[in-house]
Amino acid sequence: MMTRRTNFWILPLLLLASMTNATATQAADSAEPVKVELIDAGKAPLQPIRYAPRVGETQSAVMTISIDMKMSIAGNAMPAQDIPAQKVTFDTTVENISEDGDITFSFIYTGAEVIDDPNNPSPMAPMLKEMIKSLVGATGSANVTDRGITKSADFNIPEGMAPQMKQMLDGMKESMNRISSPVPSEPIGLGAKWKVTQKLVANGMHMVQTSTHEIVKLGTGGFTMKIDVAQSAEPQEIKNPALPPGTILKLASLDTDGQGTSQIETRSLIPVQSSLTIASKSTMDVEMAGQKQQMTTDVKMGMELETLR
């Protein structure tokens, strides 16, 4: 029984793994490109925004994720479990820039740790530590346009990794596919606002994400923007190898919204600083060992991203 409970708790974490960087995530197998729609060009003077890092430039960043989750099964609230924050560090290196401005970069995860309270240790900490430790050393690469839109991406997942961690890495790959936020093709100025619409696949769950971006500060080398994001999904069956064999999981509903800010330098792929808070409610029908139950999950999640150098 304990094993089943653990898998119920793992599942929402895996589904949220690729939603942590909600302004920079695209399904790698999506046939539709990211749609960037200019709503308001902002105040003059207007200028085109393009990312222009230097070849050979290496940057380090740290991402900290905190999660507060409540869950009920068949209408019965599950005992609250404290989920400790997780901190991941990674390096990116610009490998090449084509004549038309496309940027090829590589990345490597250099650190992963669970931030637990020593005075009130979480029972989930050992499981999370075991899951994320194998992230260190994982590498990948991507090719993006100078507007921050992914053209291709690849993630090298080490052999012998546990299925749960492979699934989480697949989700994190979605976040790494585009570190930079898509910007409009048109010239923009202070107060500019645009909408980004894209289809995502978060560990087997297909969804649509819409984010609205507004420049609140603009300089010659970058800008600061505020972000509003929403995610929705149609009812569907979710295929996830982290589930026990024979388990059938169907999404009944998903409602996600979030707000955040991001400070961007156009000579850098990684935001100088970015923060995002997300509130998500999902209802899923679960069939396990011949029994059918409905699982409702309420999640509040915070993400902080900061460039180290």
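**Exercise 1. Is tyrosine 109 buried or exposed?**

Let's work it out. Buried means under 20% relative accessible area, exposed over 50%, and partly exposed in between (1.4 Å probe, protein chains only). Tyrosine 109 has a relative accessible area of 2%, so the residue is buried.

A word on the ground rules: this is a predicted model, where local features need pLDDT of at least 70, side-chain atom pairs count only at pLDDT 80 or more, and totals for chains, interfaces and linings use all residues. Residues are numbered from 1 along each chain as its sequence is written, and side-chain values use heavy atoms, with hydrogens and water left out.

**Exercise 2. Classify the pair of phenylalanine 90 and tyrosine 109.**

Step one is the rule: rings of Phe, Tyr and Trp (its six-membered ring) pair if their centres lie within 6.5 Å; planes under 30 degrees apart count as stacked, over 60 as edge-to-face and the rest as tilted. The structure holds three aromatic pairs. In this one, the centres are 6.3 Å apart and the planes make 65 degrees, which is edge-to-face.

Step two is burial: phenylalanine 90 is buried too, at 3% relative accessible area.

**Exercise 3. Find which residues join the ring cluster.**

Ring pairs link Phe90, Phe105, Phe107 and Tyr109.

**Exercise 4. Decide how lysine 239 and glutamate 237 interact.**

A salt bridge needs a side-chain nitrogen of Lys or Arg within 4 Å of a carboxyl oxygen of Asp or Glu. Here the closest N and O atoms are 3.1 Å apart, a salt bridge. Lysine 239 is exposed at 60% relative accessibility, while glutamate 237 is partly exposed at 38%.
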